[in-house]
Number of protein chains: 2
Amino acid sequence: MRAMSPPVGLPVLAESDLVRQVARRLTDAIVQGRLPPGAKVAEAAVARELGISRAPVREAARLLESQGLLRASPRRGFFVRELSAQEVDELYALRLCVERHAAVEAARRLTPAVREALRRQLDLMRDLARRDDPAAIVEADYQFHRLICEAAGNARMLRLFDGLASELRIVIGLIGRLYDDPQEIARTHEPVLAAIEAGHPERIVAHVDHHLGVARREVGRLVQSLTPTARQTRETP
Amino acid sequence: MRAMSPPVGLPVLAESDLVRQVARRLTDAIVQGRLPPGAKVAEAAVARELGISRAPVREAARLLESQGLLRASPRRGFFVRELSAQEVDELYALRLCVERHAAVEAARRLTPAVREALRRQLDLMRDLARRDDPAAIVEADYQFHRLICEAAGNARMLRLFDGLASELRIVIGLIGRLYDDPQEIARTHEPVLAAIEAGHPERIVAHVDHHLGVARREVGRLVQSLTPTARQTRETP
DNA sequence: CAAGCTGAAAGTGTCGACAATCGACGCCCA
DNA sequence: TGGGCGTCGATTGTCGACACTTTCAGCTTG
């Protein structure tokens, strides 16, 4: 009988939600590149490895499928999604739509706390660039953009951004280093933040367009080079 | 080496994917308003009604959850998502981002076939408005916007639009008639199509903004009136 | 008479099992 | 020798079962 004792601290022991945990682990494995595009995600193997049954694994896989991280092939199982150069380009087009609006909106309701957070994030990126830690830089880059989306005050938009970012990470996780010059990442973010602080919508849009345009071309080029003519693993669409 | 016999017709027999079918039925029930916001979706009941086991129902429910149609409450089950006025507003803000870009892009690559399809859709809406069939008008309205997104040539964007539209239909299905004057719907679409045909980006954005702005305010007002102070069914977040 | 407690019923979270299907290996035959 | 075909193992799709939790109606109690 759960008396639900006084609302003291709550260690919150692992709640029974196995599905979330499995989804999380699979997501991590994908964005970290441990599960490369095209890799098969066998239910039984995952279940064995985690010491659980197949049911939660299947449900988690469905979740990731509708998030675009996995692809379900009936009677054949789940595979890590393979992104063509065109699909990557489409994702960047969507990011552009979203982040333009987010940046303008973030500027409109900019608070000192948010401005400070953005500046700190930019400092962090500069610092990481000096130390040349590619994985951490990608993460910090993502966080900077996420902060802007968060500051726009639209929860649904933030969820969308997270989804788009996850999908892009399928390929970004593969690319060792995004830019030849790590320092350049921080530099290309500076005008975006400056424009947001200045609060001129046209300039914000222009700088977001330019920044994402650079990333779009850069990633597009790298993805193109990753897929010379065809991939290694083939299956029917 | 697959000789892949001569490319004769393609019967494409129906796949046995129960999960998709269940997801489809639940989606239909929700957007048609047969499952109102806050309604409980009991796995066992659905499984019994469809004559199948609970496993496919659970997986379908997960799918709809990540699409925003259902909300999962651990140990309590799935419920049809309830949208606050603010959430509806956020969805419209996202639609604005997406459809602005889609309309401009659709204009850039407008083909005679697409132009013809858009005109026919507009005619259909005018026709339905004269007959005063609210449900059909909402459907035709949705199709018009979808055609524009499709014409933009970005598959990922189309998927996003479908998702946003589904979520909005949770509430739109509740509202008997969206506009006092049905004829007005067709009229507010005309300048959008005209701007796309003319191909001036600024005018396209302006008209899309105006059209969606009207819908946003209208739906927002109706949603507000649907939720006077609190809802009937309450549960912990 | 209202509020809290108690027990049972219903429902969820997870598991193991079974049939159907897919892919691959090896065999047979031209 | 090379290609088509049957068989076998492995995996998926689905099911029924069980333990635990939540819910609710009825009873007890202040």
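**Sheet, chain pairing and DNA contacts in the predicted model**

In chain B, β2(B) and β3(B) are joined by 4 bridges and run antiparallel to one another. Within this pairing, B:S73 stands opposite B:G77 of β3(B). The two strands form a hairpin in which 3 residues lie between β2(B) and β3(B), and B:R75, located in the turn, has a positive phi of about 70°. These features, like those that follow, are computed from a predicted model. A second pairing involves β1(B), which is joined by 2 bridges to β3 (residues 77-80) of chain B, again in an antiparallel arrangement, and here B:V41 stands opposite B:F78 of β3(B). Taken together, the strands of chain B make up an open sheet of 3 strands with the order β1-β3-β2 and antiparallel pairing. Because β1 (40-41) and β2 (70-73) of chain B each have a single partner strand, both stand at the edges of the sheet, and one side of each is left without a neighbour in it.

The relation between the two protein chains was examined by superposition. Chain B is superposed on chain A by a rotation of 180° with 0.0 Å of shift along the axis, the RMSD being 0.1 Å; this is the relation of a two-fold axis. In the contact between the chains, 32 residues of chain B meet 32 residues of chain A. Since 100% of the interface residues of chain B are also interface residues in chain A, the copies meet through the same surface. The size of an interface is often given as the accessible area lost when the parts come together. For chain B and chain A the buried area is about 2,800 Å², with carbon and sulfur atoms giving 50% of it. Of the area that chain B buries against chain A, 22% is supplied by B:E59, B:R62 and B:R156, which is more than any other three residues supply.

Both chains also contribute to the surroundings of DNA strand D. Of the atoms of DNA strand D that come within 4 Å of the protein, 72% belong to sugar and phosphate. By class, the surface near DNA strand D comprises 10 charged, 6 nonpolar and 3 polar residues. At least two residues of this surface are supplied by α3 (54-66) of chain A, and at least two by α3 (54-66) of chain B, with α3(B) giving the most, namely 3 residues.

In the case of A:R75, a backbone N or O atom lies 3.1 Å from a phosphate oxygen of DNA strand D.

Notes. Residues numbered from 1 in each chain as written. Chains lettered and ligands numbered in written order. Predicted model: local features only at pLDDT ≥ 70, side-chain atom pairs only at ≥ 80, totals over all residues. Heavy atoms only, no water. Near = heavy atom within 4 Å. Polar contact = N/O pair within 3.5 Å; in protein donor to acceptor, adjacent residues only side chain to side chain. Nonpolar A, V, L, I, M, F, W, Y, C, P; charged D, E, K, R; others polar. Least-squares fit on C-alpha atoms with pLDDT ≥ 70 in both. Contact = heavy atoms within 4.5 Å. Pairing = 2+ DSSP bridges. Buried area = accessible area lost by both parts, 1.4 Å probe.
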